[in-house]
Amino acid sequence: MSAPAHSRSASTPSTPHAGHKGGLPSVYAKLIMAATGAIFAIFVLVHMIGNLKIYMGAEAFNSYAHWLRMAFYPVLPYEGLLWIMRVVLSVCLVAHVYCALLLRRRGATARGRWKRRGLGLDVFAARTMMVTGVVLLLFIVFHILDLTLGMSPAGPDGFQHATHEASYAYSNLVASFNRLPVALFYILAMGCLALHLAHGVVSAVVDFGVGVRPRVFSALAGLGLLFGLVIAIGNITIPVAVLTGVLQ
Amino acid sequence: MKLTIEVWRQEDTTTKGRFVTYQVDDATPEMSLPELLDRLNDQLVTAGEEPIAFDTDCREGICGTCGITVNGVPHGKVPNTPTCRQNLRSYDDGEHLKLEPFRAASFPVVRDLVVDRSALDRVIASGGYVSVDAGTAPDADTRQIPFKVAEQALDFSACIGCGACIAACPNGAAHLFAGALLSHMSTLPQGKPERSKRARGVVATTEEEFGPCSVYAECVEVCPAGIPISAISAVNREAARAAIRRNKDN
């Protein structure tokens, strides 16, 4: 690459090495994010389908909640399946957040002082991954305090803990969503989940090394958004149904 | 055409740069961006001022030398078109143009609009080649390559190394560049014996010199060679493949 002779020789810039040396390679960090993200995506899909069971009535929903605790008993101990999922999801969450922060920092360093501005709506989900991620992280903490542990003030008044014989998920859920701010935060978190998944699905596929052609890439972006919206809307119907009195 | 042009002026790498506004009154719609800078430089030299330094060579979009940021977009308004093929007809009379160098931490400014893109050379040096005996030219039919495979390799080898993908990336990543390099060489038989070795070298240097990819896909919108989006996934794929093959070269 030729350049005006006066500039190159006079002030050859020091080699910048704007990337990183040592540490976890970014390609592996991205593979970890893709793998853990895929586990989360499958989890939220299953979780959403389970949630929709609430429309089959209190008894059906409570027995589903009870079954989750009793699943595969006595091969697995009481709450065995739940604890396996809790451990797996927690490990995934720590890895996902660690890699996100690592890559965020590396990206900011490599970009330097002059940030890219004025990008279109097509990258809105991609650019807001950190924001939606933080909202989701806060939501996860609140959601566990609210409906798993029932701890005041996050949990609703009159929260009933599950016993070995029965679960009270239905009344707990209705009591929780009857508080307007909780329902609104839930809806906000689901909006963030839709956006996070919209870009996450695309990113994961590419990070797994699947070479998608341009047209397939556009289709994939649409598919990611659709997946996110299906999960978000499926879940959002529940607080809306509680607030409008459909579920009591 | 009358244009107001805001240009980045910077003495050298270490001094601080700033935008300086100029007026060009006799621009024509068929002028390319380097031609506009030529016209402006004529004005500056006549006025006894220092001309604007910018990289330019073939001016027909094949060499990858020119490359500036126009109104925040690497190469300019028209997608997938190098700076030298961007004409003023895409801009309105009286429009305000902001001309900056390619922005990335890996591209330090040498002077004005000229940046040092040797980080790309270091990536190529770490594996972007095929080790062959430099003997007489082999017979054309010695290695049979199916037409579609050859076409695919050519699509990826179209990269002209301009660096716009990095300047377009919010992360300063070079996955389109590195992926194009890895893809075209791993597609052809000549590149296969060193496929893993090449991937290790290219990926390691890409990590040292550039940022991580977050799949914004901004790069494919500016790439003047039209490198497809599938190039970026090749970086992860080739890296993972090389890791699984441990110490093997191929």
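What percentage of the 248 residues of chain A count as buried? The value is 39%, where buried means under 20% relative accessible area with a 1.4 Å probe, counting protein chains only. This is a predicted model, in which local features need pLDDT of at least 70, side-chain atom pairs count only at pLDDT 80 or more, and totals for chains, interfaces and linings use all residues. Residues are numbered from 1 along each chain as its sequence is written, chains are lettered from A and ligands numbered from 1 in the order in which they are written, and side-chain values use heavy atoms, with hydrogens and water left out.

Chain A has nine helices and zero strands; helices are DSSP runs of H or I with at least four residues, strands runs of E with at least two, numbered from the N terminus. Its radius of gyration is 23 Å, well over the 18 Å of the globule rule for 248 residues, so chain A is more spread out than a compact globule. The radius is taken over C-alpha atoms, and the rule is 2.2 Å times the number of residues to the power 0.38. Along the principal axes, the C-alpha atoms of chain A fill a box of roughly 85 × 40 × 40 Å.

In chain B, helix α5 covers residues 175-187. At 1.5 Å a residue, its 13 residues should span 18 Å, and its end C-alpha atoms are 17 Å apart, which agrees; the expected span is 1.5 Å times one less than the number of residues. Of the 13 residues of α5(B), 13 are buried, so this helix is largely enclosed by the rest of the structure.

Key
Buried means under 20% relative accessible area, exposed over 50%, partly exposed in between (1.4 Å probe, protein chains only).
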